[in-house]
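Let's go through a structure together, one feature at a time.

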Amino acid sequence: MENFIVSARRYRPASFDTVVGQPSITSTLRNAIMGHQLAQAYLFCGPRGVGKTTCARIFAKTINCMNLKENAEPCNECESCKSFDSGRSLNIHELDAASNNGVDDIRDLVEQVRILPQIGKYSVYIIDEVHMLSKSAFNAFLKTLEEPPAHAIFILATTEKHQILPTILSRCQIYDFNRMKVSDTVEHLKYIAAKEEVTAEEEALDVIAQKADGAMRDALSIFDQIVAFCGKHLTYAKVIENLNVLDYDYYFKFTSLFYEGNIAESMLLLNEIYEKGFDAIHLVSDLSKHFRNLLVAKDTITVQLLEVSASIKERYVKQAAECSITFLYEALKIAEQCEMQYKSRIEKRLCVELALIKLCQINELIEKKKV
Ligand SMILES: [Zn+2]
C-alpha cells in the first residue's frame, strides 16, 4: 500500500505565494525581506491552524536562500532550499513550548543560539505556543531576546496573545494572523481535491470548512477522513452524514413553519431530528446561527458577512426577503433563551418544544400588537 501522507503535510505551502488566507502578512514579510529590513524577533499571533508555523518556516527558508528571486520567493534549488524542503536544514530550530516549557528546555535553546549557521546567513528559532513557557523559562529567554547574536532570528507563535508578557511584546514585531474565511478554505480544498483527483460538490466542501471553524489544518484532516470513508466522490449528503451535521434544509424548513405559525408540523420535524439521533441543543444553537444569517442576509451591506458558499447564500437571501426583521429579532431572542435554560432543565425535550411553540407564535403576537 502506498504511504499515506496527510493532506495538511503533503500540501503545506512552501513559498509565500501559496499561503492561503493571509495576504497582508505574506506581503509584509516579503517586503521586509526585499528591503533587507529584518527584525530579530517576531510574534505571530492568531487562532490555531491558520498558518503561523508554516509562515515561520517559509520565512526561515526564504531568508537563507542563496539565489533569492526578485519577488522574494526562494529558488528551491540551492543547497539551503533543498535542505529545508527535505526537512533536514540546520538553520531552523523548532521548540514546542506546549510540551517543553521548562527552564532547561530554554537553556538548551539559548546554548544553541550562540552557534553560527553552517550554510546560509540566519538561524531561525521558532517557539510554538510561546505563552506556555513557565515564568522562569520566560525569564531565562528574555536575556537572549534582548541581545540576540546577529545571525539569530526568533519567531514566537501563540494562540493567546493576551498571555504574553509586555517585556516580550515590546521586543517583537507583531503579526496578527486572520482566522481562515470559509471561502478561502473552500477554495483551498477545491485545489487539493483536484490534485488528489477527488470530485466534490461545493456544498460538501462548504460543510467541511464550516466544521473546521477557521482552521485550515482541521479542514484538511476532516477532508482526509471523509475521503478515506467515502472514496473519491464527495457529495453533500455523504459529508453531512459522516460529520453528523444536520442538513441545512431543516433550518430553512423550520423557519418557514415558524413564520406560518405551524406548530404541528414543527413538532413533527423536531421528532424526525430526534429519531435521527441528533442532540436537540445543537439544533437550537444552529437555529440561532440560522436566524443570525437571515438577519445578515436581509441587508445588502451586511450580506457579505455570510460565510457560506454561493448556492446557500442565495437561499439565505431568498428566505430573508420573506421574513420581517421583527420576526427575526424575536426568533433570535427565543432561541438564545432556550439555549440558556437548556442546561438547567430536566425536561430537555419539553424545553425545546416550548421554544418551537413560541417561535410559531411570533407573527401572531406581532399582529395583535398592531391591532
Ligand atoms: Zn534557494
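**Reading helices, cores and a metal site**

Q: What covers the buried residues of α15?

A: The cover includes α9 (202-212), α12 (248-260) and α14. Contact here means heavy atoms within 4.5 Å, and buried means under 20% relative accessible area, exposed over 50%, partly exposed in between (1.4 Å probe, protein chains only). Helices (H or I, at least four residues) and strands (E, at least two) are DSSP runs, numbered from the N terminus. Before we go on: this is a predicted model, where local features need pLDDT of at least 70 and side-chain atom pairs count only at pLDDT 80 or more, while totals for chains, interfaces and linings use all residues. Residues are numbered from 1 along each chain as its sequence is written, and side-chain values use heavy atoms, with hydrogens and water left out.

Q: Which residues of α15 are buried, and which are exposed on the other side?

A: The general idea: an α-helix has 3.6 residues a turn, so residues three or four places apart point the same way. In α15, the buried ones are Ile312, Tyr316, Gln319 and Ala320. Those buried residues line one face of the helix, because they fall within an arc of 105 degrees seen down its axis (the arc is that of the directions from the helix axis to the C-beta atoms). Ala310, Glu314, Lys318 and Ala321 are exposed on the other side of α15.

Q: How many residues does the largest nonpolar core have?

A: In soluble globular proteins, nonpolar side chains tend to be buried together. A nonpolar core is a set of buried Ala, Val, Leu, Ile, Met, Phe, Trp, Tyr and Cys residues joined through side-chain atoms within 4.5 Å. The largest one here has 97 residues, and Phe44, Ile208, Phe223 and Leu234 have the most contacts inside it. Helix α14 (residues 280-297) gives the largest share of this core, nine residues. There's also a second, separate core of 24 residues, with Ile106, Leu109, Leu145 and Ile168 among them.

Q: What does isoleucine 208 touch?

A: Leaving out residues up to four places away in sequence, isoleucine 208 touches Leu189, Ala219, Ile222, Phe223, Ile226, Leu234 and Val239.

Q: Which residues coordinate the zinc ion?

A: Donors are N, O and S atoms within 2.8 Å of the metal (3.2 Å for Na, K and Ca); water is not among the atoms, so sites may look incomplete. Here the SG atoms of Cys65, Cys75, Cys78 and Cys81 coordinate the zinc ion at 2.3 Å. Along the chain, these donors follow the spacing C-x9-C-x2-C-x2-C. Cysteine 65, in the loop between α3 (52-64) and α4 (79-85), and cysteine 81, in helix α4, are 16 residues apart, and the pair links distant parts of the chain. Cysteine 65 is buried at a relative accessible area of 10%, and cysteine 81 is buried at 0%.

Q: Why is the arrangement around the zinc ion tetrahedral?

A: Four donors count as tetrahedral if all angles lie between 85 and 135 degrees. The four donor atoms around the zinc ion subtend angles of 100 to 121 degrees, which makes the arrangement tetrahedral.

Definitions and conventions:
Four donors count as tetrahedral if all angles lie between 85 and 135 degrees; four count as square planar and six as octahedral if opposite donors are over 155 degrees apart and all others between 65 and 115; anything else is irregular.
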